[in-house]
Structures are given as C-alpha cells and as structure tokens.
Amino acid sequence: MRRADFSYQLPQELIADRPLPRRGASRLLVLDGATGGIRDLAFDDLCRLLNAGDLIVLNDTRVLPARLRGRKASGGACEVLLERVMDGRRILAQVRASKGLTPGTRIELPGGARAVAIERRGELHLLELDREALPYFEAHGSVPLPPYVAREAEASDRERYQTVYAEVPGAVAAPTAGLHFDREALAALQCRGIGVARVTLHVGAGTFTPMRVDDVAEHRMHAERVHVPAATVDAVEAVRRRGARVVAIGTTVVRALEAAAAGGRLAEFGGDTEIFIRPGHRFRVVDALLTNFHLPESTLLVLVSAFAGRQHVLAAYHHAIAGRYRFFSYGDAMFVTPEP
C-alpha cells in the first residue's frame, strides 16, 4: 500500500485546538467494520455499546511537561522536547536550534539549569543535565501540545491534556482516546459489570512523525516503552473464557497488547516496541477500539484501517468531515469494531 492510500482533505477549522468544557461532552461516531455501517452518537452513549463482562483496557501513562525553551551558550535560541529520561540526569530529546547541535554544546535552561549535548542518536540528541531530569521538567517544563494545535500551552492544559487515570510518568503525548473519560464515567461502566485493566505505553513525540516513504511497508516506527502486567493478561484470559470482548481505549493500547501477543498469545511484557500495525495484521487480542480521529497519512490512521478496513475507515472520516466532527487530540471519538 502507498502512503497516499491513507490521505484525506481536512478543513483547518475542524482541528480542535481546545477541549470541550466537560470531559465526555464530545460526539461519538460508531463504525461497524463488518458492514461499513455508521452511526452518530454522543460519547455518553458508550455504555450502550458495551456489554456486561466486556473488558476495557486503559493506558495509564502520564504526560510529562516535556517542553523547555533555552539558549545555547553561544546565544542562539533552542527548544528541547523531552523524549525519554535515560537515567537520573541523561535524557533523549528533540532539539530545535539554529545551526544545529554538536557534541559538547552547552544549553542554558530555565531556573538556572544547564545541559550539555553528548551525542546524536538518529533524530534525537542525548543530553546530560546538571540535575535530576524528571523533577526538573515537572517544575519548569510546559505541556507539549501537538504541533497541529496552533496556540501556546495554557495552565488548564496541565489537567486536560492528561487522562484522569494517568499514573506512570513518561509520555510526551497523551493517549487521547482516554481524555473523554471522567471518573464518573469509569465508575458507571464498572457498575454495569464492565471490567477495567491497564497497560502502560509511554507515547513518544515520534507519534506525530509522518511517514516519509511512499511504500507503507518500508516505514520504520519509533520505539516506545511498554509494560503489560500479568494482571491484565489474566483479565484478558478471563474475558476469553466468558466469551466477552476486549475493548482497547486508544491505539496505544492496541499497540501494547498486540506487541505483547507477538509470540502467538498474550503474555506479560516489559520493554520497547517498534510494532507497526498495518493492513494484513492478525489481531490476537483486541475486539473493539475507542479512538480519536487521526492525521492524514499517519501510522495511527493505518492502524485503524488495519482493524476496520481502509475503505470503511476513510468513508467514516468523510462522513465525519461532512458532519463537522472535531478532529485530533482534543476532538471527538470513534467506536470501531473489526472487519472480518
């Protein structure tokens, strides 16, 4: 398949640059992957689509305030976007700087901190700070809003660009399907007999990196850290025994579960994954998917197309555009069942 097979035209005004006043106030497009059928519902209707005994799986990663603006010792401005804390003081980061960044370059950061460039690793730089990285970013960093949000991060984004169940710090982008849930919605689902399990996938900035090759099969994914605990494996096995469904809340959960099942069956897993789910993938764990709308020609749109069929998914996107749905991280949601 070609990159252009996953393209569509989106009016700029449909990109949601702010969340709605209430979590859960968004719309919900329902796509039946078996028939291509489409329904327009509200997110509050999600409980009607789930059955007692089903299991929803959440990604409990916590978004770090990962963006910093500083200056090179030579005076040039630079921006540091944290990708991963390697150990106490060393980080991998995207760095935008005039005239690039060479090993030994020193960077002055807010709060009197300093960093030095150690080496380049692909599109990232290994930096060493003069203090512990994680508490420093928590104190001085700003929310790393996606590049298509055409505004600076505001104080309210610290709370709204974060799921209510975020626990494990490490992501630089939110698992956005989960942004629709408030605590009351989760409690209501559990009261209806719907189980909840968790995985951790620390979403990296590479999630916004477009495919740069025409042949989709030649694209190489960025690595992201994943943990699928034994308790989640047990919960999925229990679902299988009772004939119910595993519902992934977001594409990051799909990637985590399918990476952990790459050996043929789901197993406890911890480590990096570069899994690229594209049409032809055999889904071993996930039976339904809640997701937001994704960028044209993105790996996430390819993943959803692998799950529900490319033609069905693109038809649903055209329907959403005609219906003036709100797109991307702060936008509306889809509930998707698989193509046979």
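**Pockets and aromatic pairs**

Analyst: The lining of the largest pocket comprises 12 nonpolar, three polar and eight charged residues. Here Ala, Val, Leu, Ile, Met, Phe, Trp, Tyr, Cys and Pro count as nonpolar, Asp, Glu, Lys and Arg as charged, and the others, Gly among them, as polar. The model is predicted, so local features need pLDDT of at least 70 and side-chain atom pairs pLDDT 80 or more, whereas totals for chains, interfaces and linings use all residues. Residues are numbered from 1 along each chain as its sequence is written, and side-chain values use heavy atoms, with hydrogens and water left out.

User: Which residues of the lining are closest to the centre of the largest pocket, and what is its volume?

Analyst: The volume is about 480 Å³, and of the 23 lining residues R67, L81, R96, L145 and P147 are the closest to the centre. A pocket is an open set of points on a 1 Å grid over the protein atoms alone where a 1.4 Å probe fits, with protein on both sides within 12 Å along at least five of seven lines; lining residues have an atom within 4 Å of a point. The volume is the space filled by probe spheres set on the points, which are joined across faces, edges and corners.

User: Why is the pair of Y8 and F327 called tilted?

Analyst: Rings of Phe, Tyr and Trp (its six-membered ring) pair if their centres lie within 6.5 Å; planes under 30 degrees apart count as stacked, over 60 as edge-to-face and the rest as tilted. Y8 and F327 are 6.2 Å apart centre to centre, with 40° between the planes, and therefore form a tilted pair. Y8 lies in the segment before β1 and F327 in the loop between α8 and β17, so the pair ties together parts 319 residues apart in sequence.

User: How do you know that the charged end of R27 sits over the ring of Y325?

Analyst: The criterion is that NZ of Lys or CZ of Arg is within 6 Å of the ring centre and within 35 degrees of the ring normal. The charged end of R27 is 3.8 Å from the centre of the Y325 ring, and R27 is therefore described as sitting over that ring.

Definitions and conventions. Helices (H or I, at least four residues) and strands (E, at least two) are DSSP runs, numbered from the N terminus.
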